[in-house]
Amino acid sequence: MTRRAAIYLRISIDHTGEGLAVDRQRHDCEARAKDRNWEVVRTFEESVSAAGSKHRKQFELLLEGLERGDYDTVIGWNLDRLTRNRSDTLRVIVIGERKKTLISLIRGMELDMSTPMGRGFAGMLAEFAQMEIEIKGDRQRAAQKQRAELGRPPKGMRPLGYSVNGDVLKDEAKVVQKVYESFNAGTSVRAIALALSGDDRPGLPSLPTLQRHTRTVAIERNAKRAADGLEPRPVPSDGPWSPSTVLGILRNPRYAGYSTYTPKETLKGGNRRRSWRAQILHDDDGEPVRGQWIPIVLPDVWESVQDRLDDVARV
């Protein structure tokens, strides 16, 4: 009888937005199904950090499909792409034992969850995968800190006003400067968000209308994907700017030329944007580490904005 398979794809970090890792996973997983004459009934894809606690909607849907009997085989790149931690692995083992599921790993073995050996190997692989995740996380944090200490631009989503490599984008930089000027002149964060969204009600500051930054970046990334011969990825719809996005611009020390780094433990249970000052790196003499990029606002302008944001009377 032909097996019915589900493919699960996950990339944990995609700083460039190219999604190359997912494309590679998909190609190899589809090739595995074709070689075995398995019918692929559904493909699940998501981008979630292996170390984070973010809910994995596609993983939950995958397990729900297993419970219903929609498929009897799951194809994945390797075990730590499929399960992020011991808890995830246990859930797969429990459901797999009950539904007699075959887990086929491109970079690994085939685990027959209906047998004690298959479940045992899954448990052992999960322990090694957890260890690898923790070691990789330590390396990444060390690299991020070193990058910040050298004053190099951080990786990830480019901020409004800067290119991916840290160059100033003049038109966007002017918008950032106007945001700071408007706030220091007494305009509320909400009013600035409305102005950026094109709202023309009286009393709003004079700011250009911009599409949401996440949409702009997604379009830029798709242009790069097209140049690389890759399929485009979904682009978020446009909409009004949120006050929280404006607050993120006002809080970001990078606009004043400061290099930042905060250990993950420092942020647990805290408010990241209210701790921006604490994230500024200092050298051995106690001086702020300056980034290797051109500031968009002067340090004293940024500091005055922080003072106003932190003023309890404003709230």
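**Figure 1. Salt bridge between Arg251 and Asp310 in the predicted model.** Arg251 is classed as buried, at 5% relative accessibility. This close-up is taken from a predicted model. The side chain of Arg251 meets that of Asp310 in a salt bridge, with an N to O distance of 2.7 Å. Because Arg251 belongs to helix H9 (residues 243-251) and Asp310 to helix H12 (residues 299-310), the contact ties together parts that are 59 residues apart in sequence. Asp310, at 33% relative accessibility, counts as partly exposed.

**Figure 2. Salt bridge between Asp23 and Arg225.** The closest N and O atoms of Asp23 and Arg225 are 3.3 Å apart, and the two residues form a salt bridge. Asp23 is located in helix H1 (residues 20-36) and Arg225 in helix H8 (residues 213-227), so this pair ties together parts separated by 202 residues in sequence. Arg225 has a relative accessible area of 2% and is therefore buried, the cut-off for this class being under 20%.

**Figure 3. Network of salt bridges that includes Asp23 and Arg225.** Five residues make up the linked set: Asp23, Arg26, Glu45, Arg225 and Arg233. Across the whole structure, the search finds 16 salt bridges.

**Figure 4. Salt bridge between Glu220 and Arg158.** The side chains of these residues, Glu220 and Arg158, meet with an N to O distance of 2.8 Å. Glu220 lies in helix H8, whereas Arg158 lies in the loop between helix H5 (116-149) and helix H6 (170-184); the pair therefore ties together parts that are 62 residues apart in sequence. With a relative accessibility of 35%, Glu220 counts as partly exposed. Arg158, by contrast, counts as buried, at 4% relative accessibility.

**Figure 5. Strand S3 and the strands that pair with it, S1 and S4.** Strand S3 spans residues 73-76 and is covered on both faces. Thr73 and Ile75 lie on one side, Val74 and Gly76 on the other, and all of them are buried. Strand S1 (residues 4-11) pairs with S3 in the parallel sense over 4 bridges. Within this pairing, Thr73 of S3 is the bridge partner of Ala5. S3 also pairs with strand S4 (residues 102-105), in the parallel sense and over 4 bridges. Here, Ile103 of S4 is the bridge partner of Val74.

Terms used. Residues are numbered from 1 along each chain as its sequence is written. This is a predicted model: local features need pLDDT of at least 70, side-chain atom pairs count only at pLDDT 80 or more; totals for chains, interfaces and linings use all residues. Side-chain values use heavy atoms; hydrogens and water are left out. A salt bridge is a side-chain nitrogen of Lys or Arg within 4 Å of a carboxyl oxygen of Asp or Glu. Helices (H or I, at least four residues) and strands (E, at least two) are DSSP runs, numbered from the N terminus. Buried means under 20% relative accessible area, exposed over 50%, partly exposed in between (1.4 Å probe, protein chains only). Two strands pair if DSSP finds at least two bridges between them.
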